[in-house]
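The sequence and the model come first, and the description follows.

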Amino acid sequence: MKHKAKGFNTKLIHSGGPKDALGSVTTPIYQTSTFSFKDADDGAACFAGESNGFIYTRIGNPTIRDLELAIADLEHGYDGIGCSSGMGAVSTVYMAYLGAGKHIVSHNAIYGPARGIIEGAFARFGVESTYVDTTDLEQVKAAIRPNTALIYLETPANPTIGISDIPAIVEIAHKNNIPVCVDNTFCSPYLQNPLDMGADIVLHSLTKFLNGHADIVGGIIVTRTVEHYKKLRPMMVTMGCNMDPNQAFLVRRGLKTLGIRIDRAQENSIKVADYLEKHPKIAWIMYPGLKSHPQHELGKKLMRGPGAMISFGLKGGLDAGKTLMDNVQLCVLAVSLGGIETLIQHPASMTHSKLSAEAKKAGGITDDLVRLSIGIEDVEDIIADLEQALEKI
Ligand code: LCS
């Protein structure tokens with residue numbers, strides 16, 4: 001796909017296509033399962049197999065296509081593949097690159113189910129895996145085997161906010177002919193473009209920042225090259241991990257405000273992180289914008305801003321964390337992230353509860369870890385809410 005040399009916020013509004021024949025400014029919801037076999041060039045009926053237009057919504061649909069093209073443009077990729085959910089995108093990538101006797105290397109603190117499905121279902125089919133701290137290049141190098149078929153990164157990682165050096169890992173991987181997939185959910189293309197750093201595949205849970213309004217689940221894969229696209233697209237279609245046109249419509253609408261939403265959430269996050277870091281009851285905090293983050297300098301190199309995700313621990317450990325979460329009034333105690341509302345959650349008992357105790361320990365998913373996804377409310381209100389809840393500890 002040819003990149004349009006437009007600014008990011010302009011692309012958020014105008015990228016995508018194809019445009020509706022009636023001139024709708026907003027791409028409508030094509031609520032149809034199937035399309036008559038017509039030649040897309042002249043509209044004449046044509047035999048099955050000769051149509052070059054849309055065929056069937058699991059394979060493709062104009063509302064979904066609009067979103068795929070828009071996000072592919074934002075991620076500087078060849079093309080996009082809309083999926084039912086973030087996990088639909090993750091599973092499609094795993095299915096396309098892994099198989100019996102193949103091996104995956106990944107970070108030990110990625111979104112729980114993205115690891116759980118490898119160690120559960122994929123292991124049953126003979127897939128091997130090694131989870132290491134990918135923020136340490138030596139651990140990545142040591143984990144590679146002759147049968148390694150995929151390096152799968154999530155950076156910043158969920159929930160530890162560790163940052164992996166994408167270009168350095170790509171260099172190691174490509175020397176070994178291994179493709180690299182990056183889950184860019186925590187940054188969104190507004191803050192980071194892994195394909196520009198040499199990654200082969202980038203994916204998102206659209207449920208988070210790209211949609212931003214906590215009203216759908218969705219996912220997308222964008223590839224750097226046509227070859228990767230051709231490997232992945234049929235896998236999504238045949239597994240039935242497709243989006244729904246309603247879902248695509250809502251994400252396309254939410255996407256238009258991604259830039260201003262992240263600017264505001266990030267501005268709030270910098271203030272909340274600063275407040276928490278100085279609080280006497282806080283034991284530790286991980287936020288890329290703070291100098292205390294171990295990959296603060298790397299983050300500045302890879303990301304255009306520190307984002308809106310913060311993890312921290314309280315001196316009073318798990319019990320103090322429970323008290324905090326039980327007492328917030330504005331911050332919503334819920335899983336998920338990247339929406340306009342501030343969410344607070346406890347990964348060890350919520351998003352990452354299915355991981356073994358050893359896996360949690362190795363990944364730094366400690367019992368005292370509290371994760372915040374900062375929204376776009378007035379920051380004084382977010383801080384006041386945390387303040388009154390911290391006073392209860
Ligand atoms: N990748 C990342 C980084 C995620 O955080 C999630 C979901 C997924 C993929 C999967 O996306 P989904 O299928 O849910 O659209 N993360 C969640 C979380 O931290 N809390 O609830 C869901």
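Which residue in β9 is the bridge partner of Trp 284? The partner is Gly 313.

The model is a predicted one: local features need pLDDT of at least 70, side-chain atom pairs count only at pLDDT 80 or more, and totals for chains, interfaces and linings use all residues. Residues are numbered from 1 along each chain as its sequence is written, and side-chain values use heavy atoms, with hydrogens and water left out.

**The sheet with β8 and β9**

Strands (E, at least two residues) and helices (H or I, at least four residues) are DSSP runs, numbered from the N terminus. Two strands pair if DSSP finds at least two bridges between them. An open sheet of 5 strands has the order β8-β9-β12-β11-β10, with mixed pairing. Because β8 (282-286) and β10 (332-333) each have a single partner strand, they stand at the edges, and one side of each is left without a neighbour in the sheet.

| Strand pair | Sense | Bridges |
|---|---|---|
| β8 and β9 | antiparallel | 4 bridges |
| β9 and β12 | antiparallel | 5 bridges |
| β11 and β12 | antiparallel | 3 bridges |

Gly 313 also has a bridge partner in β12, namely Leu 369. Arg 371, in β12, is the bridge partner of Gln 345. In β12, 5 of 5 residues are buried, where buried means under 20% relative accessible area, exposed means over 50%, and partly exposed lies in between (1.4 Å probe, protein chains only). The buried residues sit on both faces of β12: Leu 369, Arg 371 and Ser 373 on one side, Val 370 and Leu 372 on the other.

Helix α11 (residues 317-327) lies across β9, β10, β11 (343-345) and β12 (369-373), and runs at about 125° to β9. For such angles, axes are lines fitted to C-alpha atoms, for helices over the stretch in contact, and angles run from 0 to 180 degrees between N-to-C directions. Contact means heavy atoms within 4.5 Å.

**The sheet with β1 to β7**

Another open sheet has 7 strands in the order β1-β7-β6-β5-β4-β2-β3, again with mixed pairing. Its edge strands, β1 (79-83) and β3 (128-132), each pair on one side only. Direction ignored, neighbouring strands of this sheet are turned by 20° against each other on average. β4 and β5 (residues 180-183) run parallel and are joined by 4 bridges. Within that pair, Leu 153 has Val 182 in β5 as its bridge partner. Helix α7 (residues 226-239) lies across β1, β6 (201-205) and β7 (219-223), at about 20° to β1.

**Residues in loops and a helix**

Thr 155 belongs to the loop between β4 (148-154) and α6 (166-175). Its relative accessibility is 0%, so Thr 155 counts as buried. A polar atom of the Thr 155 side chain lies 2.9 Å from the backbone nitrogen of Ser 164. Leaving aside neighbours within four places in sequence, Thr 155 is in contact with several residues, including Ile 163, Val 182 and Cys 187.

Ser 85 lies in another loop, between β1 and α3 (86-97). The side chain of Ser 85 reaches the backbone nitrogen of Gly 88 at 2.9 Å. Not counting residues up to four places away in sequence, Ser 85 touches Val 217, Gly 218 and Gly 219.

Lys 141 is part of helix α5 (residues 137-143). With a relative accessible area of 44%, Lys 141 is partly exposed. The Lys 141 side chain makes a polar contact with the side chain of Glu 138 at 3.3 Å. A polar contact is a pair of N or O atoms within 3.5 Å; within protein, one must be able to donate a hydrogen and the other to accept it, and residues adjacent in sequence count only if both atoms are side-chain atoms. Lys 141 and Ile 172 are 31 residues apart in sequence, and 7.1 Å apart in space from C-alpha to C-alpha.

**The two domains**

The chain is divided into domain 1 (8-255) and domain 2 (258-390), with bounds that come from an automatic or database domain assignment. Their C-alpha centres lie 26 Å apart. Contacts link 41 residues of domain 1 with 39 residues of domain 2. The area buried between the two domains is about 3,200 Å², of which carbon and sulfur atoms give 64%. In domain 1, Ile 163, Leu 191 and Phe 209 lose the most area to domain 2, together 23% of what that side buries. Buried area is the accessible area (1.4 Å probe) that two parts lose on being put together, summed over both.
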